[in-house]
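Work through the exercises below with the model open. Each task is followed by a stepwise solution.

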Amino acid sequence: MLKNYIKTAWRHLWKNGVYSFINITGLATGIAVAMLVGLWIWDELSFNSNHQHHNRLAQVFLNQTTNGETSTDETIAMPLGEALRTLHAADFKRVSLSSWDNEHTLTVGDSKLPVSGRWVEPDFPEMFTFDMVMGKRGVLRDPSTVLIAESMAMALFGEENPINKTVKLDNKLEMKIGGVYKDLPRNSSFYETKILLPWGNTENWMNKQTSWSNHCGVLYVQLNQNTDFAAINEKIKNIPTAHIEKVKEEVMLHPITKLNLYTEFENGQAAGGRIQFVWLFGIIGVFVLVLACINFINLSTARSEKRAKEVGIRKAVGSLRSQLIGQFLCESVLCALIAFVLALVLVQLSLPFFNSLADKQMNLVSVGPLFLLLALAFTFLTGIVSGSYPALYLSRFEPIKVLKGIFKSGRFASLPRKVLVVVQFTVSVSLIIGTIIIFRQIEFAKDRPTGFSRNSLISTPLTEGLYGKYTILRNDLLQTGVVENMAESSQPTSHFSNNNSLDWRGKDPNLDINFRDVNVTPDFGNTVGWTITEGRDFAKEWGNDSGSVILNETAVAATGLSSPVGEIVTYGGKAYTVIGIAKDMLTQSPYEPMHPAVFFCKGWMGVITIRLKQGVPEADALDKIGGVFKKYTPDTPFQYKFVEEEYAKKYSNEVRIGSLASFFAVLAIFISCLGLFGLASFIAEQRTKEIALRKVLGATVFNLWKMQSKELVSLVLIACLIAIPIAWYYLNNWLQNYSYRMELSVWIFIAPIAGALVITILTVSVQAVKAAMANPVKGLRTE
C-alpha cells in the first residue's frame, strides 16, 4: 500500500510541475531557514560545552549593593580564590584564579608575533580539560613554563617539535614551552587565548595582591559531583562581608554555559542578554517555516475542484476516507522530503555567507548526526502538519455530487486561504518593519555625538621601553610630518576603571557615585579633539596642573554644583581644583547612558593616542610612526588600533543581529510572494473561460488585470494594517532596553507597507497580465 501511495504521489507531483515546484521551493527555503536558525541556536546553546565538566564549571561574580542598587561584576579580588579553596574544600574540586586576556609578544629568533594570553593558576588547564597535542597540562606549576595553542606553535616553529624550546615573552622573560593544546572553538570563552602563562611567575603582579577592595582578576571553580549550585551559592555569598566596608558585597556562581547567553543582571540575578536573540531567531525560524507550510495548504486546497473527480472515483471504487487521507499525507511528506534534500544543498551553499554574517564557524558535520536526525524528524512533522488540512478537506468530498458534476466548493471555501494569506503577509511585513527599526536604531546610535573626533585617531600600548620618554617621543613623532598630535592616558576611549572616593562641597554623606577616573597628559584634549565648555584645558607644560582636574558634563550634573570651575574636590584624601568642564566623551556602548568622569593631569599612563595628519596616506603614516617606535623599543612590534574601528565594535552585536534579521525578512517575503504567485496562477487558470468571455465582450487588459489582482492586493493591505500595531508594540518594547534610542516615526511603517504592496502587485501582475493578454479563442475552447 505504501509503495502505491508513493508511486501515485510522485505521478501527481510530476503532472503538476509548476505547483509542485512552487511548493517544494517554498518548503525547501523554509526548511533551510529553519536549519540555519537551528545551527545558530545550537552554536549559542553549546557555548563552552566543549569542556568535559562544563555542567560543573562556573565563574565567580560579585554583587555589590550601594545606595540600594545592586550591580553585578565579574572582576574579583585575589584573596577570594584562597578563601574558597580553604573554607569550602569539600564543595570545590578545583579553584583557579586568572587574569584577563592581554596582548603579549613572543620572540623566537628573528620572528616576533603578537599573542593573546592570560596568567592562570596550575589547575586551570585541568579544570577546563584543554586537549593536549603535546606535553602535559600540569606543567604550569613551573613558573618558567608556558602552554601554547597549536596554531601558535605552528606559526612559531612550523613542523618542528616545540616542547622544551625557549621563547622570549615581552622581550624580557625566557620561557620554556611545556605543552601544546588544540585551539578552542569560536563558541568558547577562551577562543582568543593562545598562550597560558604560569601564575607563580614574578612578572605576574596579580599574584601579589592581598587587598579585598582591589578587584583585578577572574576566578573559576569546578564543583564536586555532590554539590548543588543553589546550595553552594547560599553558603559562600557572604565571604567578602568581613573584609569590605561601606559596600555590601556578595559572591555568586555563574555557570560557564551561561556566560555568553546571560550577560545582563538585575538585583544580582541573571536577567537576560543574548538569550533574547536565541528566542527571537527561534521564533523567526518557526514563522518562516509556517509561511512555507501555508503555501502548501493554500495551493492544495485551492486546487480542490481539480482533484474532486479523482476523490469521487476513488470513493466509488471502494477507497476508504482513511486511505485517501493516507494518500494525500504521503504526497505532502514526499514533497517535504524532497524539499529537505534541496534544503540541505541550500544550507551547504549558504553557510559561508551565513557564517560571515553571524560571525560563526558552523558546519553540518560538526553538529553531528543528532542535529540532522532532528532536522529530518522535524521535516517529516512539517509534511504531516502542512498536509493534514488538505488531506482532511479533500477526503470529505461526496462522490455522488462530484461524479454528477453538481459539486460546489461553497461561498466560504476560500475563506481559510484568505486568512492564511493575511497571516503570511502579517508576519512578513512585521519582520520588515522590525528590520528597518533595528537598522535605524543602529544608525541612530552610530550618529550619537561622542564628544571627540574618532577619525584618523590611533592608539597603541605604552610598553616598558617608552615609560618616562613622553616629551622626546612626542617630538620625534611630530617631526615625522605625518602626526598632528600625540598624548598619553590611562584609558582614553575605553572604560574599565571606576572610583567612588570623590568628595565635594555640600555632598550628601549617603550619596555613593562611581566616577570614571582618567589620567592624561596635557595634550590629550587637543589630540582627541574634546571641547571645553567652561574654564580651561590643562596647561601645556607637563606637571603644572598636577593639582587640577577637569570634569565632564555628566560629572557636573552628578555633583549638583552650579558653578564648578574653581571649586575644590578631594580624591583619595587629596585636594584638587576644578579648572574646566569638558563636553561628555562617549567611551562606552553608544546605547548606554553617559558616565561621570574626572580627568587628572598626572599618574599612571598605559596608552598612547596619536592623531594622523589629514591627507597623508595611512600606510605611509603608519610606516613612519612604526620607525619612531622601533627606535625606542626595537624588540617590540609596533601594534596599533584605529579608534574608529574599536568604537564600531561597541555596537557590532546589534549590527550583526540587524543583518541576520534582514536576511530572514527577505526570505520570508520571498516565500510569501512565491505562494502569492502560485495562487495568482491558479486563479488565472480557474477563470480562463470567464476572462476569455469578458475579453470578447470588450474588457480591456487593465480591467482584467484589476479584476484578478483586486482580491489578493486587498488581502495584503489588510495584513499590513494588522502588522502595524503588532510591530509597534513589540519593537517599542525592544527599544526600551536602550537608554539612548530613536523615536518611532510614521514613515517607518508606511515604507514597508508601500513596498509590500508594490511587490504584491508585481507578483500578481505577472500571471494576471499574461492571462488578460491570452487569445480568448483558446480560453473558450478549454471546456
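**Exercise 1: the second largest pocket**

Task: Which helices each supply at least two residues of the lining of the second largest pocket?

Solution. The model is a predicted one.
- Step 1. Four helices qualify here: H7 (275–302), H12 (415–446), H18 (652–686) and H20.
- Step 2. Take the volume: about 790 Å³ for this second largest pocket.
- Step 3. Find the centre. Of 23 lining residues, the closest to it are Leu280, Ile283, Ile284, Tyr730 and Leu731.
- Step 4. Sort the lining by class.

**Exercise 2: H20 against H21**

Task: Determine how helix H20 (residues 701–735) and helix H21 (residues 747–772) are oriented to each other.

Solution. 
- Step 1. Get the axes. Those of H20 and H21 come within 8 Å and cross at roughly 155 degrees.
- Step 2. Apply the cut-off. Angles over 145 degrees count as roughly antiparallel, so H20 and H21 are roughly antiparallel to each other.
- Step 3. Assign the hand. The crossing of H20 past H21 is right-handed.
- Step 4. Classify the contact residues of H20 with H21: 21 are nonpolar, five polar and none charged.

**Exercise 3: the second largest cavity**

Task: What is the volume of the second largest cavity, and which residues line it?

Solution. 
- Step 1. Count the cavities of 30 Å³ or more: there are four.
- Step 2. Take the second largest cavity. Its volume is about 50 Å³.
- Step 3. List its lining: Arg516, Asn552, Met585, Thr587, Gln588, His595, Ala597 and Phe599.

How values were computed: Residues numbered from 1 in each chain as written. Predicted model: local features only at pLDDT ≥ 70, side-chain atom pairs only at ≥ 80, totals over all residues. Heavy atoms only, no water. Axes fitted to C-alpha atoms, helices over the stretch in contact; angles between N-to-C directions. Parallel < 35°, antiparallel > 145°, perpendicular 65-115°, else oblique. Left-handed = near helix turned anticlockwise from the far one by under 90°. Nonpolar A, V, L, I, M, F, W, Y, C, P; charged D, E, K, R; others polar. 1 Å grid on protein atoms, 1.4 Å probe; cavity = no way out; pocket = protein on both sides within 12 Å on 5 of 7 lines; lining within 4 Å. Points joined across faces, edges and corners; volume = space filled by probe spheres on them.
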